[in-house]
Amino acid sequence: MKTLVIYKSKSGFTKKYAEWISQQLGAEICEASKTTVETLSTYDTVIYGGGLYAVGINGIKLITNNLERLKDKSIVVFATGTSYPSEKVVNDVLNANFSPAQLQQVRFFYLQGGFDYNKLTPFNKMVMTLMKWSLKKKKDLTPDDHGMLDAFDHPVDFTDEKNIKELILYVQSVS
């Protein structure tokens, strides 16, 4: 079974996971910007990874806009974000990125990544600064809110190769 790992990473956390997944599965790896749907169609299993921005998976349209053309493939999507992978976080991401019909074709995994304000583009710094101001105005901050505010001054990296274990087992089971 031919497997391709595609990723879109702005600050390196998603890329790190994509590289680990590729290594463990012996799969090819490619940046999303260098991939076409025609390329995807030559693989049996397609794994897409993107970072979360708000709850949107960066670049996920490459997959969701082409699911009909990929209907005979095993499609796995992983997203990386700063938040702890709680059921609420996972459900928010699923609901924001996939329709119920799409979820029949896609197997999703959330992998805790990290946050490094210094690695962001100027536009993303502006967006995140707006989020920071919004968080500071909240009356009742959650532990995640406090952690996010702290991460603006102290980058965090929660990536861990053991986090991909369930994804690897799943892909091996469908291959």
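This is a predicted model: local features need pLDDT of at least 70, side-chain atom pairs count only at pLDDT 80 or more; totals for chains, interfaces and linings use all residues.
The protein chain comprises eight helices and eight strands. Its radius of gyration is 16 Å, close to the 16 Å given by the globule rule for 175 residues, so the chain is as compact as a globular protein of that length.

**Overall architecture**

- The C-alpha trace of the protein chain extends over about 50 × 30 × 30 Å along its principal axes.
- Of the 175 residues in the chain, 45% are buried.
- Among contacts with a separation of 6 or more, 76% join residues 24 or more positions apart.

- Beyond its neighbours within four places in sequence, Asn97 contacts Val55, Gly56, Ile57, Ile60, Thr64 and Gln102.

**Nonpolar cores**

- In soluble globular proteins, nonpolar side chains tend to be buried together.
- The largest nonpolar core has 25 residues, of which Tyr48, Ile57, Ile63, Val77 and Phe108 touch the most other members.
- At least two residues of this core come from each of strand S1 (3-8), helix H2 (37-40), strand S3 (45-53), helix H3 (61-64), strand S5 (74-81), H4 and strand S6 (106-112).
- Phe108 touches Ile57, Val77, Phe78, Ala79, Val90, Val93, Leu94 and Phe98, when residues up to four places away in sequence are not counted.
- A second, separate core holds 16 residues, including Val5, Tyr7, Ala18 and Ile21.

**Helix H6**

- Helix H6 (residues 122-137) has 16 residues, which at 1.5 Å a residue should span 22 Å; the C-alpha atoms at its ends are 23 Å apart, in agreement with that expectation.
- Asn124, Met128, Thr129, Lys132 and Leu135 are the buried residues of H6.
- Viewed down the helix axis, these buried residues fall within an arc of 140°, so they line one face of H6.
- The face turned away from the buried side of H6 carries the exposed residues Pro122, Phe123, Trp133 and Lys137.
- Strand S7 (114-115) and helix H7 (143-153) are among the elements that cover the buried residues of H6.

Definitions and conventions
Residues are numbered from 1 along each chain as its sequence is written. Side-chain values use heavy atoms; hydrogens and water are left out. Helices (H or I, at least four residues) and strands (E, at least two) are DSSP runs, numbered from the N terminus. The expected span of a helix is 1.5 Å times one less than its number of residues. Buried means under 20% relative accessible area, exposed over 50%, partly exposed in between (1.4 Å probe, protein chains only). The arc is that of the directions from the helix axis to the C-beta atoms. Contact means heavy atoms within 4.5 Å. A nonpolar core is a set of buried Ala, Val, Leu, Ile, Met, Phe, Trp, Tyr and Cys residues joined through side-chain atoms within 4.5 Å. The radius of gyration is taken over C-alpha atoms; the globule rule is 2.2 Å times the number of residues to the power 0.38.
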